[in-house]
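Colleague: Please take me through the pockets and the helix packing of this model, one question at a time.

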Amino acid sequence: MNLRPRLTGETLALAVLVLFLVLLPSLATAFFVNFVMTQTLILGLAAATIVFLAKYGGMTSLAQLLMFGVAGFMFGNAALEGGARGLNLGWHPWAAVGFAIVVTTLAAFVLGAIASRTTGIYFLMLTLVYGVIGYFVFAQIVEISGPGGITSIQRPDLLGPPVRLYYAGLLLSVLAYVGFRAIRRTAFGLALQGVRDDPVRMASLGFNVPLHRALAFTLAGFVAGLAGLLNVWWNGQIDPASISIGPTLILLIIAVIGGISSLGGAWLGAFVYVLVFTYLRDLPLVDRIGITEARFNTVIGVIVLAIMVLSPEGLTGIIQRLRGRLRRRAATEPAPSDGRSLPVHTTQKELGGTRS
C-alpha cells in the first residue's frame, strides 16, 4: 500500500496552516491574535498531552493541568524577588525556566510511576486525586503560594511584546504536534501502543509496562509544563483556583470537543472553547434567551453534548466524515466528457474498416 500521497497531503496541509498562522498577526487584529489565538495555542498545547496519553497509551489523565500549574508556580517562586508570596529566589528568568521545567518533569515522573500500575477508571480517578492534592498544596502552603497565588510575574525580555508570546506558542505547538506524531513510529512509541492494546501480552514479551507508562506520563508532563510557562507569562499571575477541579475538567472538555483520538483536535477544541468564551456574550439578543456569563458552563455543556451526539470522535470526527462523503461522491460521479467521444451510431466502417 502506497502511503506517500496521504503523508504528502497531510504534510502540505500542516505547512499551509502553519504559514497562515505565521502571517496571522499581519492579517487580524491585535486583540484576536494576542488574546484568542495565543490562549488557543496555550490551551491546545496542554490538551494535546491528554490526547497523547489517551491515543497512544490508553491513559485518560486528569493531572495534566496540575503539571501545567506546577511549572507556573515554580517559575514564579524562582523568578520573583521581594514579592509578597512565594520563595522569592530572584533568579534570572531563564534559570527560573529551567528550574520550573526540571521540577515539573520530576513531579510528572514520580506521579506517573505511582499511577503506572493502574488502568481505566482507576487511573482516571488517581490522576484526579493528584489534581485535588495539588490544589490544596498550593492553596495552603503560603511559602510557595497561598490562596492568593503569585502575582506580578514578568515574562523574559525576549518575549516582551505580546506577539512574540504568540509566536512562542505557535513554535511549541508545532514542535509538540510533530514530536508526538514522530514518537508513535519509534520503538518506544510502538511499544507504548502495544501496552495500550494488550499490556499482559507485552509484559509476557519482556516489556516493562509500568516503565513505559511512567515515561509517557513524564513526557506529557514536560509538554504540559511548557504550556504552563506560556500561561503564566500570558496572565502575569497564577493562583490555586486556576488548577482546581473546574479548570481541570475544562481542559478535558477541550480535548473531547476537538476529538480525544486526534492530536490536531486539541487545538481545534481549544479554538472553539476560547471563541465561545470570548464572543458568545457579545452576540445580539443573546441575553434575551438567558445566556449570561454566569451560565457559560451550561452553554459549553450543551455544545459538548451536541458534538458527542453527532460524533463521539469530536469535531475532527465530523470533519473526517464530511471528507469521506466528498471523496465517495467524487468517486461515484461519472467522468466529464471531453467532447471527443464517438457517437453511439458510429459504424466500424467509419472507424477505418474491419480488423484483419
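Colleague: Which residues lie nearest the centre of the largest pocket?

Modeller: This is a predicted model, in which local features need pLDDT of at least 70 and side-chain atom pairs pLDDT 80 or more, while totals for chains, interfaces and linings use all residues. Residues are numbered from 1 along each chain as its sequence is written, and side-chain values use heavy atoms, without hydrogens or water. A pocket here is an open set of points on a 1 Å grid where a 1.4 Å probe fits, with protein on both sides within 12 Å along at least five of seven lines, and lining residues have an atom within 4 Å of a point. There are 40 lining residues in the largest pocket, and those nearest its centre are L14, L17, Y177, S262 and G264.

Colleague: Which helix gives the most residues to the lining of the largest pocket?

Modeller: Helices are DSSP runs (H or I, at least four residues) numbered from the N terminus. At least two lining residues come from each of α1 (4–23), α2 (30–57), α6 (162–183), α11 (263–279) and α13 (314–332). With 11 residues, the helix that gives the most is α1.

Colleague: How many residues of the lining of the largest pocket are charged?

Modeller: Asp, Glu, Lys and Arg count as charged, Ala, Val, Leu, Ile, Met, Phe, Trp, Tyr, Cys and Pro as nonpolar, and the others, Gly among them, as polar. The lining comprises 20 nonpolar and 11 polar residues, and the number of charged ones is nine.

Colleague: What volume does the second largest pocket have?

Modeller: The space in the largest pocket comes to about 1500 Å³. For the second largest pocket, the volume is about 520 Å³.

Colleague: Which helix gives the most residues to the lining of the second largest pocket?

Modeller: This second largest pocket is lined by 23 residues, with Q39, L43, N231, S242 and P247 closest to its centre. Two or more lining residues come from each of α2, α3 (64–79), α9 (209–235), α10 (245–258) and α11. By class, the lining has 15 nonpolar, seven polar and one charged residues. The most, five residues, are given by α10.

Colleague: At what angle do α10 and α11 pack?

Modeller: Contact (heavy atoms within 4.5 Å) joins I250, I254, I257 and G258 in α10 to G265, A266, G269, A270, V272 and Y273 in α11. That contact has seven nonpolar, three polar and no charged residues. The axes are 7 Å apart, and the angle of packing is about 110°.

Colleague: At what angle do the axes of α10 and α13 cross?

Modeller: V256, I257 and G258 in α10 meet G314, L315 and T316 in α13, a contact of three nonpolar, three polar and no charged residues. The axes of α10 and α13 come within 2 Å, and the angle at which they cross is roughly 5°.

Colleague: Which residues of α5 make the contact with α4?

Modeller: The axes of α4 (residues 93–115) and α5 (residues 120–140) come within 10 Å and cross at roughly 145°. On the α4 side the contact is made by L111, I114 and A115, and on the α5 side by F123, L126 and Y130.

Conventions:
Grid points are joined across faces, edges and corners, and a volume is the space filled by probe spheres set on the points. Axes are lines fitted to C-alpha atoms, for helices over the stretch in contact, and angles run from 0 to 180 degrees between N-to-C directions.
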